Amino acid sequence: MTKPTKIAIVILSWNGEKLFDDYLPSVIQYSNSGDIEIFVADNGSTDKSVEHLKRFYPFINIIELKKNYGFAEGYNQALKEVDAEYLILLNSDVQVTENWIEPCIQLFEADEKFAAIQPKILSYNKPQYFEYAGAAGGFIDKYGYPFCRGRILNRVEEDLGQYNYPSLIFWATGACMFVRAKAFKTAGGFDGDFWAHMEEIDLCWRLKNQGYKIAYEPKSVVYHLGGGTLSYGSPKKIYLNFRNNLYMLFKNLPRHQFTRIFFARMVLDGVAAAKFIMGFNYREFWAVIKAHALFYSNLGTLIKKRKETQKLIIVKNHPEVYSKSIMWKFFIQKKRKFSDLNFNPIN
């Protein structure tokens with residue numbers, strides 16, 4: 001039996017041929033240790049991605065998936081072919097930097113309770129700013145709305161060194177997630193029904209419920225292009241975010257919070273839909289309606305998932321969940337930076 005590699009970088013790609021030459025060279029240059037393997041999992045691409053990889057990057061391991069499984073199930077399928085102690089799930093539009101791996105691995109090896117770690121995520125196009133998808137570590141508020149240290153809703157902060165300290169967070173971004181392979185598999189991996197968006201938050205919530213910790217490590221720095229598959233304000237992205245957020249809450253909310261929080265969230269989604277229709281944003285309005293329709297149509301499956309998820313909970317309360325409403329803080333109180341929230345999770 002072959003010994004598993006220590007670290008596997010796994011890049012899930014769909015029609016990413018045009019991205020390879022811009023982003024793969026940095027991954028290769030700064031990941032050249034003998035205990036690191038690089039994989040590109042092709043998610044049923046219709047361009048010449050596989051041919052390009054075989055021609056110009058013959059030393060990279062290629063996993064060819066038969067169809068486009070989406071982000072969540074695509075990774076589940078690809079990781080069946082990878083045997084490693086630590087996994088680095090990396091978007092195909094991420095440029096990495098020198099010494100981006102070692103600080104995160106050191107955290108893992110210092111404490112076996114760390115299940116996932118994310119680096120500092122900066123914008124590829126505006127390197128002085130944090131990037132939307134992850135920034136300096138993710139959190140959720142009491143109603144399940146995600147936000148980041150360095151990015152609240154659509155407002156992104158400039159990186160002035162204000163988050164240059166390691167810390168515990170609620171979720172690590174799927175754009176660049178270091179994850180302990182054993183923990184990923186024990187938790188059941190990503191929920192394939194999410195397809196894309198928030199699957200990493202759902203996974204991290206399940207991991208934290210099982211007693212694991214999630215961390216942010218600023219000594220590791222990467223640059224993310226972002227918005228390559230779906231622009232941040234597209235109706236499809238809105239649909240996936242609303243639907244998947246309901247999926248996530250339904251599965252993971254502890255019993256003592258479920259009825260109150262879930263009902264409130266339904267009301268808030270109604271407010272969001274009303275705001276879209278009043279602003280003549282009809283496609284966005286229908287995206288919310290479709291999200292709720294799909295939630296109800298999948299309720300039977302979700303009830304089964306909730307039962308299984310609830311059985312594994314050993315930690316019910318997490319200090320990394322913001323006890324107030326991020327929407328109220330942002331829209332009513334005009335709090336646009338993480339430092340404005342007076343939110344100091346125990347670290």
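Contact here means heavy atoms within 4.5 Å. Helices (H or I, at least four residues) and strands (E, at least two) are DSSP runs, numbered from the N terminus. The model is predicted: local features need pLDDT of at least 70, side-chain atom pairs count only at pLDDT 80 or more, and totals for chains, interfaces and linings use all residues. Residue numbers start from 1 along each chain as its sequence is written, and side-chain values use heavy atoms, with hydrogens and water left out.

**Stop 1: helix 4**

Select residues 102–110, helix 4. Its buried residues (under 20% relative accessible area, 1.4 Å probe, protein chains only; exposed is over 50%, partly exposed in between) are P103, C104, I105, L107 and F108.

**Stop 2: charges over rings**

Select F114 and K213. K213 lies over the face of F114, 4.8 Å from the ring centre. The rule: NZ of Lys or CZ of Arg within 6 Å of the ring centre and within 35 degrees of the ring normal. Next, select Y239 and K290. The charged end of K290 sits over the Y239 ring, 4.6 Å from its centre.

**Stop 3: aromatic pairs**

Rings of Phe, Tyr and Trp (its six-membered ring) pair if their centres lie within 6.5 Å; planes under 30 degrees apart count as stacked, over 60 as edge-to-face and the rest as tilted. By this rule there are 29 aromatic pairs. Take F250 and F295: the ring centres are 5.7 Å apart and the planes stand at 70°, so this pair is edge-to-face. F250 lies in helix 7 (residues 235–252) and F295 in helix 9 (residues 282–297), so the pair ties together parts 45 residues apart in sequence. Both F250 and F295 are buried.

Move to F330 and F331. Their ring centres are 5.0 Å apart with planes at 80°, so this pair is edge-to-face. F330 is buried at 4% relative accessibility; F331 is partly exposed at 38%.

Then select F130, F139, F147, Y163, Y322, F338 and F343. They form one aromatic cluster.

**Stop 4: helix 8 on helix 9**

Two packed helices are described by the angle between their axes and the distance between the axes. Axes are lines fitted to C-alpha atoms, for helices over the stretch in contact, and angles run from 0 to 180 degrees between N-to-C directions. Show helix 8 (residues 255–278) with helix 9: the angle is about 155° and the axes are 7 Å apart. The two helices are therefore roughly antiparallel (over 145 degrees; under 35 is roughly parallel, 65 to 115 roughly perpendicular, the rest oblique). For the contact, select F262, M266, D269, A273, F276 and I277 in helix 8, and Y282, E284, F285, V288, H292, F295 and Y296 in helix 9.

**Stop 5: helix 7 on helix 10**

Helix 7 and helix 10 (residues 299–311) pack at about 45°, axes 8 Å apart. That makes helix 7 oblique to helix 10. Helix 7 brings Y247, L249, F250, K251 and N252 to the contact; helix 10 brings L299, L302, I303, K305, R306, T309 and Q310. K311 is also in helix 10, and is exposed at 62% relative accessible area.

**Stop 6: positive phi**

Which phi does A135 have, although it is not a glycine? About 45°, a positive value. A135 lies in the loop between strand 6 and strand 7 (138–141) and is buried at 0% relative accessibility. Finish at K334, in the segment after helix 11 (326–332). Its phi is near 60°, also positive in a residue other than glycine. K334 is exposed, at 52% relative accessibility.
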